[in-house]
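Here is a short note to read beside the structure. Please keep the 3D view open and find each residue as it is named.

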Amino acid sequence: MMGDGLNLQEKYQKLATEFAKLRAQNAVLKKAVIEGQDSQKTLEERLKHREQTIRKYEQELDSLQFRNDQLSKRVGILQDELDNASTSTKSKTTKPTNTNPFANNVAAEELQLKIDENARLQRELFESNQKHRASVLDLQEKLESYEKNSASHQRIIDENNEKYKITVQKLQEEKAMLEARLQKCLEELKTVSIKAEKSEQQAHVFNKKLATKYEIASRIVSEKINFNDTNLKDLNKLNVPPHDRKRQSKIKKLVSEALDLLRIFLAGLSDYHTYMEQRIRILFDEPTDISRKLCEHLHQNAMILRNVEQSFNNFSCQVTKDVLLTLETASGFEEFSEAFHQYSSYLQKILSYQTLCTKEECSKPTYSASMEQLSLAMLKAFAKFVAVISELDTYFRLLASAGSDGLLSSNAAKVFALLDSTAEKFHKIVRGLSTAFHSKKMVEHQTPTTTQTLKSTDECLETCLASLVTSSSKISHFLHTNVEFFSSTSGFRVRGVSSDQNVGSPIVRSFKQQNREYIKKLNKPKPESIPYKLALENHNTLLSSTESRETLTKQASLNLAKITKLEQAKEHWLLEAQLLQIKYEKEHK
């Protein structure tokens, strides 16, 4: 219930951030629209000013046209007078001709000046008309562009308002749901608090009863039981040996730290295998038999890595402060070494298919020589990775065989030193694998045939390899820091034995477990007896239902297989959802 509330709270926070982004975008768009409107107003004012200048030029043109008409009329009158004067001189033969050449020259010069002025005015009028038309066309184009921008901004504002309304509606609905769930959680909290108070009262009563019983038992032991067997060596070996509780606390702390580091590293390995499977599916549009088999094997990584994590988790749960832990008594470490050996065998199988698949990939016509060289370099780096995993598996199996006459206690320090050097080597190999893949990715993304899906998958793969480099570095540093502590002996001794006769009894732990179980059986109430007739009837029904039991077992096995397949599919789709989320965030950025 609380997990659902947390998920809803995360969704609510995501929606709130999206709402804030939309509000910021809306404010920016409003500002842009206002600026567009201001620029449109300035252009309209400029257009009005240009129209006024055009009207002014037209008035000047009309005045010039009128003046030109007057001048042309005057030129015509002067021409008529000149013609009349010439005819009159011809007709008057008796009178001597008294022509005035100065007046004729003045009229001709004045006429030429008027003609030149008229041509100049015509030229200026033509140029002003051309400028006016160009400015009008420019202003019209700018006005149309600003109107288009204004319309697009208005459309974006409308769309953002619609999104804002939808987001607000969703947030209100989720708020109502969260309030309802919060009310329900509060009610459950009240009931749980009431139950807790009742259980505290019961615990207080039980503590009083146990205190009285403990006082009675301790009085009986001190007064009536004489239990001192330190003088007898055969019996003294069975005593619980005292040990350093600080050492046990540090062992518990180191095992929990190792579990956290292993979880992070196994999660990175699982993501690496999953994204590698997705990359192979993208590279081979028409899958071959080898690529199909490789994808099937890569799909099984989650189950194998989960077994490794679960086995080490079980080993960590067995480590307590009050139980002596050495290599001989660490029984849960064998389960972890077996699960890690299964993963090592799994990687050997993956390597063989990866080699064949790389050859098929290099045989494509689109692959160049440099691409083929980089693919082979990455395959070589992965082969080194598999080899170092095999080395780690060997050392883990040696440490797990310490309690069964396999590894001598004197050689444990050497094995831990080799494990430390191998962990450092493992970190370098993982870093080399990441470098090889980065080089291949840079060259591969330059080819035009690379799709966007492949690029996104390569980015996810590079992120996984970077996480593996970081986690392997932490594991190497952890082993290098604590290798001396792991190699040191526990130094426990039994009461009554000198310091040079250290005794390590692995059966003490089993005796303690047997004692616990015996005490639990004593505290259990006796079961009610079953009548003989009823027992016979139950026996007959069991005999008759053997077939149904077999069918039920088959159905149970089939259901378990279906559950495992569904879990694998669930993990696959979760990774797909993460990939789509990364693509969505990149597109929005």
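The points below go from the overall fold to salt bridges, a cavity and a surface patch.

1. Overall fold. The model is predicted. Of its 589 residues, 27% count as buried.

2. Salt bridges in general. Side chains of opposite charge can pair when their charged atoms come close. The structure holds eight such salt bridges.

3. Glu 277 forms a salt bridge with Arg 281, and the closest N and O atoms are 3.0 Å apart. Both residues lie in helix α4, four residues apart, which is about one turn of the helix. Arg 281 has a relative accessible area of 46% and is partly exposed.

4. A pair between two helices. Arg 279 forms a salt bridge with Asp 458, with the closest N and O atoms 2.7 Å apart. Arg 279 lies in helix α4 and Asp 458 in helix α10 (residues 452-487), so the pair ties together parts that are 179 residues apart in sequence. Arg 279 counts as buried at 2% relative accessibility, and Asp 458 counts as buried at 0%.

5. Helix α10 and helix α9. The side chains of Glu 459 and Lys 441 also meet in a salt bridge, at 3.4 Å from N to O. Because Glu 459 lies in helix α10 and Lys 441 in helix α9 (residues 412-444), this pair ties together parts that are 18 residues apart in sequence. Glu 459 is partly exposed at 30% relative accessibility, whereas Lys 441 is buried with a relative accessible area of 6%. Lys 441, Glu 459 and Glu 462 are linked in a network of salt bridges.

6. A serine in helix α5. Ser 291 is placed in helix α5 (residues 289-299). Its relative accessibility is 2%, so Ser 291 counts as buried. Ser 291 and Arg 281 are 10 residues apart in sequence, and their C-alpha atoms are 7.8 Å apart in space.

7. Rolling a probe the size of a water molecule over the atoms shows where empty space is left. The count comes to six cavities of 30 Å³ or more. The largest cavity holds about 200 Å³ of space. It is lined by 18 residues, and the closest to its centre are Met 276, Gln 354, Thr 358, Met 378 and Lys 440.

8. The lining of the largest cavity. Which elements give two or more residues to this lining? They are α4 (245-283), α7 (332-362) and α8 (369-400). The largest share, six residues, comes from α4. By class, the lining has 11 nonpolar, four polar and three charged residues.

9. A surface patch. Leu 182, Leu 186 and Leu 189 make a nonpolar surface patch of about 290 Å². Leu 182 is in helix α2 (residues 101-224). Leu 182 has a relative accessible area of 52%, and it is exposed because the cut-off for that class is over 50%.

Methods. Residues numbered from 1 in each chain as written. Predicted model: local features only at pLDDT ≥ 70, side-chain atom pairs only at ≥ 80, totals over all residues. Heavy atoms only, no water. Patch = residues over 30% accessible without salt bridge, like charges linked within 9 Å, V, L, I, M, F, W, Y side chains within 5 Å. Areas by Shrake-Rupley, 256 points an atom, 1.4 Å probe, with all protein chains shown as cover. Salt bridge = Lys/Arg side-chain N within 4 Å of Asp/Glu carboxyl O. Buried < 20%, exposed > 50% of the residue type's maximum accessible area, 1.4 Å probe, protein only. 1 Å grid on protein atoms, 1.4 Å probe; cavity = no way out; pocket = protein on both sides within 12 Å on 5 of 7 lines; lining within 4 Å. Points joined across faces, edges and corners; volume = space filled by probe spheres on them. Nonpolar A, V, L, I, M, F, W, Y, C, P; charged D, E, K, R; others polar.
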